[in-house]
Amino acid sequence: MEQDLNQLVQAISIASDPTRGTLHQQALEYLSTVQQNVANTWRLALALFIEAGPNGGRKHPSQARFFALRILDEFLENRYEPLDEETFQTLRQSLVTYIQSEYLYGPAEAEASFLRNKFAHTLTLFFLCTYVDQWPTFFLDLFALIRPAESTSQSTFNKHVSLLFFHIVLEISGEVADQLIKAARHHLPARHARDGRVRDAVRERDAGRINEAVLTIVADGSERMARLRKGDLPASNEELDGAIEVVDWGVRTFASYAGWIDINLTVTPTTVPLLFTLLSDHSLAIRLATCSALTKIVAKGLKEPGDKLQLIKVLSLGQVLDALEAKTRVAQGARGSDVDEGEESYREALGKLLNILGLELCKLVEECPGSEIHSEASELLQQILPVMLRFMADEYDDTCSTVFPLLQTILTSHKRSRKTSTEPLEESKRTFLTSLLRVVLEKLKWEEDSDPEDMEEDDKAAFESLRKELRTFMDSTFVIDQSLVMDALRTLVINTLTAYGSGAPVKWNDAELAVYLVYSFGEINKSGTKGRAAFCHAPAVIREKRKETDYSEYQLTSHGEMLYALVQSGVANYPNKTVVMQFFETAARYGDFFKVRKDCIMPTLQAMMDARGLHNPESHLRSRVFYLFHRFIKEDRNEIPPDLAVSLFEGMRDLLSIQVELPELENPETQDMLIEAINNPGIFDSQLYLFETAGTLVSLLYKTPNQAATLLLSIVRPLLDELSASLQAVKGVEDVVPILKVHHIIMALGNVAKGFPDYPSPVPEGYILPPLHVFSEVAQAILVSLEAMNVFKVVRDATRFAFARILATTGPNVTQLIPPLMANLLAHFEPSELTDFMNFIGLLIHKLQGDMFDVLDQLIGPLSIHINGLLAQPVSGTDDQQTHTDIKRAYLALLNNVVASKLHGIFTSERNKGQLEGLLASMVQLAEDGSDPTSQKTVFTFLGRCVSVWAQPITDAASQAQALPGFERFVYERLIPAAFALFSSPQFNIADGQTVMVVHEICNFFQTVMKTRGQETLDFFISVFLPAQGWPPEAALEFTTKMRDLDAKGFRKYFVDFIRASRAGS
């Protein structure tokens, strides 16, 4: 064995040194073999770990011995049956001998402390394998080692063996009782069963002895700490630290099993005073461990509510936590700005303990209505509510949030009781809610010395998250007592803003809170009305009369008063970026307010236009205001007179210059600068809002078309000139900046058009059209750019976007450009672009309807060829499959849009009628493809629409012009058989939800055919088709009768049930 040991030690050394080349790999392979063969190598590992050297210490390096414990772990980990006697005795004797030599008389692995924890885990695994059947005296044998020989001058208990004992009990608790640990592992049922047997055996045999040993050692250690601190014993830092370590780990051990052994063992006249003494100990570690222990005791599940109440009363934690909260708060105040994270963690632990205590009391109150338990628990709960609020008011958010679960439970209970009660709110509850609101409003404030605009993102996000949680408490309080919350918020906001407006000093975080509450009020007041009525008490006014109604004579609501005070106070001038930005956010959110108090529009716009807003020197703030300004103008554009619109336009003109920003590439060799620049456009994305706003402002001059056209040209002409120059600068793909400039300019021009109202359909009498000649010139210039640069996807994407917006504004007036636009978009394209292209066509159909006929007549043939060619190509890989599916679904959606918009004539036009048969054949093929139920459903929707228009019986000239001769034969001979063939397919699964949706659409298709062709369809099913399918006459008659007589929903249900019954019986 000596040779094998040396070889193993050498392999472990080489394996830890990657510089050893091939030897390193060979060593790793050898160690892997050792681990895979633990049934034979465990003896080698045991010897490696425990073998002593000539000087009495361990012979082998700690690294090698750690690996040896891993081998032993592998051997013991999943062993659920007893070990053979020889193996058991070998392991037991060796490990006990090791403990005696190393822990009782030796240094307890002082030079490799990590081995102590690892050995405790290994010994625990051995315990789990053997305790029930082979080593029932495990703890008695261990206890015999804890007391040292009488002749020594040590403490009553051996420190090293005591700590080993603690670690083993902690490990055992984790393995057999800790639900979090067990849930995180994927143990076999046999492992769980074995662990359950061990847990039961410990409870039955040794729980009392374990508990007694732990508490005796802790009490001894506690007494020793006290004597060392007083000087009654010869003191040294090492002695005191050793005593503290023993007590700390002892209390942790107590906490680990307090939840799974008999409560009568853990809560006694001896333990409670000991725990409360340790709860105030000088040592932070001991205090934290004691908090954890008490938390486990309080949270322990007890069958009888009376027992739980008695436990809580015995502990009297309410008074203890009240005193400790006060004591630690005074200490916290005395420290001032000196942060002691350890002491703050103690307050946090106390908060968690109070939270658990409160939740347990809430359960008793909830589960025992009308009983003495209920009243006593309610009284105890009332006593701790002030303490809960003091923890919640803690300046440290981690401590504050410890009581959130308890607070949420209490508020939920109050909300529930308010729903069933018409009585006024009890005074005690109102007092509590008033105090709660005071705390919440204080906690909602930023710290005075913080700067949210120059703060780590994680810290900022953490506070925003806290604010959201605090808001939920305010929302709940609002449900319980609406007037209480409204009065508190209104008072705080009005007082703060009035003070600032009168020149009194107001701290920035107080000002920000006032603005934030105005911003949030609409969310808090969920019962409030919408629109103008949210801000003033005005009667309902029909839409057409709203513009001429003077809302200024109507009294403001509470929210309206707050918003009015917000604007009139001049808080937008506050010399703090966060306050000003919150003002802008609020103004943009509540655009309807400015419709009832128009005198507030100008001061708000002045703030937005200057260096506080659009011209802010900080780009991240400026870009946000670009959006907020856009939102404000869009919402209140009807309140802005033309002369103000021109002033605003001129005031933002200097911001309409397009700058290209190139991002820094992390991997220039692999990254495409053009793609990265599009994905990371910098401020340009926000700048697009300004271009849209410019369009909106110009559109407000609609009554003076010449002025509007001139103003529009003043922004469009420079962009077109830049577009032309950038176009000429592009020589190849390496010219990234001019390519990006072309992209940005096209996008900007599209957004200018987006700012105008959509073209009305039909055009009402007296409607003043936008400057169509300007937009026609813009569209032509964009088309020229596309023709020159259609090889660039970014240009194709931008063109598609811009044309969609221009066509929405101009209606049918530039449709002549659509055919060349289509041709250029399809001249170069990636497969994924086809989906966007077809969605674009669908948008144009929606906007232009019949005006799209000629365009579609030219497009549908080449487009269908493109699509069918792509769909016919073999699919390779997941991404390819997704693109394939997306294109197919977009194509089917387009076909449906065409028929739904009554443009189906393009399929039968002189240009395209030769391709109709191929189109229908491809539809049948897709209808038969069960691999994509979504597309199947859409195909049958399309075919049903085709039946509605092409299969109509010819009764007059109009129906003759629309009907497609012979189409009904195609329906009977191809479509109906194809539909029924699906039901007999081996892949057909009526239990699948998507398949059911396909069957529903087929039912709709059948009923459409029946309603279109009438009795002919019923006769076809009864006399021809269903008999050929082997249906009995009565079944065929029932099917056709149901199809004729039931509504769509009823027939779908009937047929799905019919298929299920048929397949169940087959």
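Leaving aside neighbours within four places in sequence, Glu360 is in contact with Val298, Ala299, Lys308 and Ile312, where contact means heavy atoms within 4.5 Å. The model is predicted, so that local features need pLDDT of at least 70 and side-chain atom pairs count only at pLDDT 80 or more, while totals for chains, interfaces and linings use all residues. Residues are numbered from 1 along each chain as its sequence is written, and side-chain values use heavy atoms, with hydrogens and water left out.

Glu360 is placed in helix α18 (residues 341–367); helices (H or I, at least four residues) and strands (E, at least two) are DSSP runs numbered from the N terminus. With a relative accessible area of 8%, Glu360 is buried. Here buried means under 20% relative accessible area, exposed over 50%, and partly exposed in between (1.4 Å probe, protein chains only). The side chain of Glu360 is joined to that of Lys308 by a polar contact of 2.7 Å. A polar contact is a pair of N or O atoms within 3.5 Å; within protein, one must be able to donate a hydrogen and the other to accept it, and residues adjacent in sequence count only if both atoms are side-chain atoms. Lys308 lies in helix α16 (residues 305–315) and is buried, at a relative accessible area of 5%. Apart from neighbours within four places in sequence, the residues in contact with Lys308 are Val298, Ala299, Lys300, Leu302, Glu360 and Leu364.

The loop between α18 and α19 (372–392) contains Pro369, which is exposed with a relative accessible area of 62%. Pro369 and Ser101 are 268 residues apart in sequence, and their C-alpha atoms are 61 Å apart in space.

Helix α5 (residues 85–104) and helix α8 (residues 159–176) have axes that come within 8 Å and cross at roughly 125°. Axes are lines fitted to C-alpha atoms, for helices over the stretch in contact, and angles run from 0 to 180 degrees between N-to-C directions. The two helices α5 and α8 are therefore oblique to each other; angles under 35 degrees count as roughly parallel, over 145 as roughly antiparallel, 65 to 115 as roughly perpendicular and the rest as oblique. In this pairing, Ile99, Tyr103 and Leu104 of α5 meet His160, Val161 and Leu164 of α8. The loop between α5 and α6 holds Ala108, a residue other than glycine whose phi is positive, near 55°. Ala108 counts as buried, at 0% relative accessibility.

Helix α10 (residues 189–205) has 17 residues and reaches 24 Å from its first C-alpha to its last, close to the expected 24 Å at 1.5 Å a residue. The expected span of a helix is 1.5 Å times one less than its number of residues. Among the buried residues of α10 are Arg191, Arg194 and Asp195, and the cover over the buried residues of α10 includes α4 (62–77), α6 (114–130) and α8.

Helix α43 (residues 916–927) has 12 residues and reaches 16 Å from its first C-alpha to its last, close to the 16 Å expected. Its buried residues include Leu916, Leu919 and Met923. Lys902, in the loop between α42 and α43, has a positive phi of about 60° although it is not a glycine. Lys902 is exposed, with a relative accessible area of 70%.
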